[in-house]
Amino acid sequence: MTSVSRSAAILSWITLVFAVLYPTLADLWANKSNKTLLQVDRVSEADLPYEVFLEKYLKPGVPVIIKHDGPDSPFTEGAGDVLLENVIRRCGDKKLNLLPPTVRTVSRNMNPIVKGILSAVLFTFQGKTVQQWLDERTARKISFVQSIVSPNHEYEESWFLRSAAVFIPSMFHRLLLLLSRPPYLADLARNDVCKSVLGEHIDEPLLQLTQYELKTLDLLSSSDESKLGTWPSLDAVLRFDDTDKFFWGGAGASSYPLHRDVQDADTFFTMFTGCKDFVMVDPVQHKHLTSLDIPMLHIWKDDLFINGRPEGLERAWRGVLHPGETLYMPGDFIHEVRVKCPNTSNICRRPWRASATRNISADTLALYEDHTYEELVKRSWLYATIDYVDSIIHPKSEIGKQDVYYMSGK
């Protein structure tokens, strides 16, 4: 064996050993200085008058979990299971795309070079291309969801997938981990899922707005500005979609990495069955996170579930939501949600613009302008290379060069 071949063999072994040890070393390094996240307040509805909710949570932008545990609560044991049984009975044969709208839009508009690289990575580690991954989640019966959310379908992130971080850029590794998670009925309008059971015209007690939503909507519709004030609007920048969205998945399911939503709306999550784990970060402190440079989206690679708060990040919360509870989350918050239990279902409501209740306009605009395609090309060698190659292949192409507000529908 020549000296060159011996050196190559030694280097290969060192790389392999490092790849095997990488997940443990990465966790040890991250946990060395990181702190646990703040726990979200959990308060019984009977102990949370509206005025307290307004002053302590809504106006300052602080998340809270509200327990609907009063004697008149419709969230009795098994009520959520009955709701799901009715969905299957009435709409089990209905076909849906198990892809959140944002994922569908991004996949359609993804730069072909980026999509090719991501497909190669996914095929190497999962044996499928991006298109095959999309096809697996296209036109699936609702009864299919029922078959994959049971306790028998557990998910655990493998060492093999985590070790891939040694070989591929962090952006593609974070997406690889996400694409490896189970299919998930996520972020679909309740009318589109099963109108006869979940439709907005249905008088189902589990689907009704909380008193906090109703009273805030009354305040916003009144001419009295003393309670909430008047703040700069984001109407011309971000869209506002008040359509209620339905979610149903099994343990391990997740729609997005740590991200900021592409619309301007405060959010209420009401849990029917199972449980979900939330991490949430005040966007004012986003500089303490490590951004994943993906145009059109605002995504960070930090895994706060495993590693906790990095140094300097103070306003970051974690909370697990259970049946009969509602989480209020400020709409401008950076967040990540993972399904923690089998057979987990919930509804997500966005009843008003976040910018109508707090002064978030300047911070939101700064965050969006920091993630334009042009800005990514300036600071990322990967996008600079892709942009250069793309300009040769498509001299007049604007593929991938979406403006800052593309994802908001503007």
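Tutor: Start with burial. Buried means under 20% relative accessible area, exposed means over 50%, and partly exposed lies in between, with a 1.4 Å probe and protein chains only. Helices (H or I, at least four residues) and strands (E, at least two) are DSSP runs, numbered from the N terminus. The model is predicted: local features need pLDDT of at least 70, side-chain atom pairs count only at pLDDT 80 or more, and totals for chains, interfaces and linings use all residues. Residues are numbered from 1 along each chain as its sequence is written, and side-chain values use heavy atoms, with hydrogens and water left out.

Student: Why is strand 15 called largely enclosed?

Tutor: Strand 15 spans residues 334-339, and six of the six are buried, so the rest of the structure largely encloses it. In a regular strand, side chains alternate between the two faces of the sheet. Here both faces are covered. I334, E336 and R338 are buried on one side, and H335, V337 and V339 on the other.

Student: What makes strand 8 and strand 10 partners of strand 15?

Tutor: Two strands pair if DSSP finds at least two bridges between them. Strand 8 (residues 258-260) has two bridges to strand 15, and the two run antiparallel. Within that pairing, H259 has H335 as its bridge partner. Strand 10 (residues 276-281) is joined to strand 15 by six bridges, also in the antiparallel sense. There, I334 stands opposite V281.

Student: How many disulfides does the rule give in the end?

Tutor: Two. The other links C275 to C341, with S to S at 1.8 Å. This link is also right-handed, at 75 degrees. C275 lies in the loop between strand 9 and strand 10, and C341 in the loop between strand 15 and strand 16 (344-349), 66 residues apart.

Student: Are C275 and C341 buried or partly exposed?

Tutor: One of each. C275 has a relative accessible area of 3%, so C275 is buried. C341 has 22%, so C341 is partly exposed.

Student: What makes the phi of D187 worth a remark?

Tutor: Most residues other than glycine have a negative phi. D187 is not glycine, yet its phi is positive, near 60 degrees. D187 sits in strand 6 (residues 185-189). At 11% relative accessible area, D187 is buried. A139 also has a positive phi, near 55 degrees. A139 is in the loop between helix 6 (130-136) and strand 5 (140-141). Its relative accessibility is 40%, so A139 counts as partly exposed.

Student: Which residues of the second largest pocket are the closest to its centre?

Tutor: The volume of that pocket is about 390 Å³. Of its 26 lining residues, D187, Y256, H259, D261 and R350 are the closest to the centre.

Methods. On a 1 Å grid over the protein atoms alone, a cavity is a set of points where a 1.4 Å probe fits but cannot get out, and a pocket is an open set with protein on both sides within 12 Å along at least five of seven lines; lining residues have an atom within 4 Å of a point. Grid points are joined across faces, edges and corners, and a volume is the space filled by probe spheres set on the points. A disulfide is a pair of cysteine sulfur atoms within 2.5 Å.
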